[in-house]
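I opened the notebook to go through one protein model. The entries follow the order in which I looked things up.

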Amino acid sequence: MIKIPYLTALSTYFSYGLLFVFGHFRDFFRKILDCFHSSNLQGYAPICLGPEDFYIRRLFLRIQDCFGRPISSAPDVWFDVVQRFSNDNNKTLRRTSKVTRCLNLGSYNYLGFAAADEYCTPRVIEQLKRFSPSTCSPRVDGGTTTLHNELEEIVANFVRKPAAIVFGMGHATNCTTLPVLIGKGGLIVSDSLNHNSIINGARGSGATIRVFQHNSPSHLEEVLRQHIAEGQPRTHRPWKKIFVLVEGIYSMEGELCKLPEIVSVCKKYKAYIYLDEAHSIGAVGKTGRGVCELLGVDTADVDVMMGTFTKSFGSCGGYIAGSKELIQYLKYTCPAHLYATSISPPAAQQIISSIKVILGEDGSSRGAQKLARIRENSNFFRSELQKMGFDVIGDNDSPVIAIMLYNPGKIPAFSRECLKQNIAVVMTAFPATPLLLARARICISACHAMEDLLKALEVINQVGDLIGIKYSPAGSDKQHQEQGAMKLE
């Protein structure tokens, strides 16, 4: 639950209200002017219609320069951001040949493998020469190489499950796996803040979907008890199977899943657990094995473990790990395995090499040092932001740190002011977050040096004072603040 000061909530609603009112006024006059112009599409329904189109035209385009900024270098600690300009009030953006060298606080480069690495890069280049950039084939045709088989064995051992299957895209892993695991007659109980890929996969399954309050084992138990007692809609027959869907680290909040308590509830009600470790695998835990290792949960208690290779491993793709029977079943039925091109061989080698570094199998202690450094960097950065008075959400040890902005006017102000001082940050707002809960999402890397973090803190502190986003001033009376705040999930 996020506590927003009433005045901040009121000003945020007022700002959005102004944007919507003026947007509809502009649309009204636009329709009048369009009456005097002939169209070649008379009789056709508009191809882009509805609230989404209105939101893009009247809200998003005003600040689209804060999103999708192209880069022209590897996403290392410092990278080159391509400068853009607009001649039509941000409706279209044009790239220039100029670049700005910026401190990278936006990429998921948690362990620093996204840039050149002394152990990984030579081996990736070697496999690129041997296998080429793509297999140009699905796994069931000619798309399975020796690297893919080796990768699946290494991933299974790394996450401590009997078997694993890998896919070429992390988002597609959830979207294509969930509809295979559960269908009509099944019940999905999903955390209210789960990722879009989980939501789409659940919707595509045809199962009944119910939502429980974010990270609330007590409400999860309440939802399970109620719907097990009621059974399926109309027929009231018992559910064919029940899946509980959660994330290890929630990507927009940086919060750790309350996995031990959720496991206990699922065992009690005989529900399967589907754990998405996209942001936690490789980034947390003593040896980088994710939230199960960090929170002391036996991986045998988690039925389906999902993760991606785009964050901690500097590559692409995703995996599902579980029992041998489960993985064999997915190889027969999952569309991402049957029809999609397999993961690129050089990308597969990058994952293999990075896991070996994490486990110390490269003959060095760099993996352990990276894991220690990302934990220290994340906790230091979060604590310093809180001392400055920023509204920061997320848990210790999480490399995802969210600075709450709330008001839509603060989104472009924060992003543009940081960019002026060579700090690249990522903005997240509606529909990726609830309307009132816009934020800047900081991703910390093990490769960030202390001087990098201090520079970022200095800039963010100055920008925070400039645009007024220090909602929790250091040394203020927290209890008094909460009395004048509203709670939102």
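Is E118 buried or exposed? I found E118 exposed, with a relative accessible area of 66%. I was reading a predicted model throughout.

**Entry: the E118 pair**

I looked for a partner and found that E118 forms a salt bridge with R366, with the closest N and O atoms 4.0 Å apart. E118 sits in the loop between β3 (94-104) and α3 (120-131), while R366 belongs to helix α13 (residues 366-388), so the bridge ties together parts that are 248 residues apart in sequence. The cut-off for buried is under 20%.

**Entry: the K331 pair**

Next I checked K331, whose side chain meets that of E152 in a salt bridge (3.6 Å, N to O). K331 is in helix α10 (residues 324-333) and E152 in helix α4 (residues 146-159), so this pair ties together parts that are 179 residues apart in sequence. I noted K331 as partly exposed, with a relative accessible area of 25%. E152 counts as buried at 6% relative accessibility.

I then turned to R57 and D27, whose side chains meet in a salt bridge (3.0 Å, N to O). Helix α2 (residues 51-58) holds R57 and helix α1 (residues 6-34) holds D27, so the pair ties together parts that are 30 residues apart in sequence. R57 is partly exposed, its relative accessible area being 23%. D27 counts as buried, at 14% relative accessibility.

**Entry: the loop between α7 and β7**

I looked at the surface for charge and found a patch of positive charge where K184, R234, R237 and K240 gather. K240 is in the loop between α7 (217-230) and β7 (242-247). I put K240 down as exposed because its relative accessibility is 66%, and the cut-off for exposed is over 50%.

R234 is also found in the loop between α7 and β7. Its relative accessible area of 77% makes R234 exposed. I checked the backbone as well: R234 is not a glycine, yet its phi is positive, at about 70°. H236 has a positive phi too, of about 60°, and is likewise not a glycine. I placed H236 in the loop between α7 and β7. At 55% relative accessibility, H236 counts as exposed.

**Entry: a cis bond**

Where is P431 found? I traced P431 to the loop between β14 (426-428) and β15 (438-443). The peptide bond leading from F430 to P431 is cis, with omega near 10°.

**Entry: the whole chain**

Last, I looked at the overall figures. I noted 16 helices and 16 strands in the protein. The radius of gyration is 24 Å, close to the 23 Å that the globule rule gives for 489 residues, so the protein is as compact as a globular protein of that length. The C-alpha atoms fill a box of roughly 60 × 60 × 60 Å, taken along the principal axes. Of the 489 residues, I have 51% down as buried.

Terms used
Residues are numbered from 1 along each chain as its sequence is written. This is a predicted model: local features need pLDDT of at least 70, side-chain atom pairs count only at pLDDT 80 or more; totals for chains, interfaces and linings use all residues. Side-chain values use heavy atoms; hydrogens and water are left out. Patches are made of residues with over 30% relative accessible area and no salt bridge: like charges are joined within 9 Å, nonpolar side chains (Val, Leu, Ile, Met, Phe, Trp, Tyr) within 5 Å. Accessible areas come from the Shrake-Rupley method with a 1.4 Å probe; for residues, only the protein chains shown count as cover. Lys and Arg count as positive and Asp and Glu as negative; His and the chain ends are not counted. The place of a charge is taken as NZ of Lys, CZ of Arg, CG of Asp or CD of Glu. Helices (H or I, at least four residues) and strands (E, at least two) are DSSP runs, numbered from the N terminus. Buried means under 20% relative accessible area, exposed over 50%, partly exposed in between (1.4 Å probe, protein chains only). The radius of gyration is taken over C-alpha atoms; the globule rule is 2.2 Å times the number of residues to the power 0.38.
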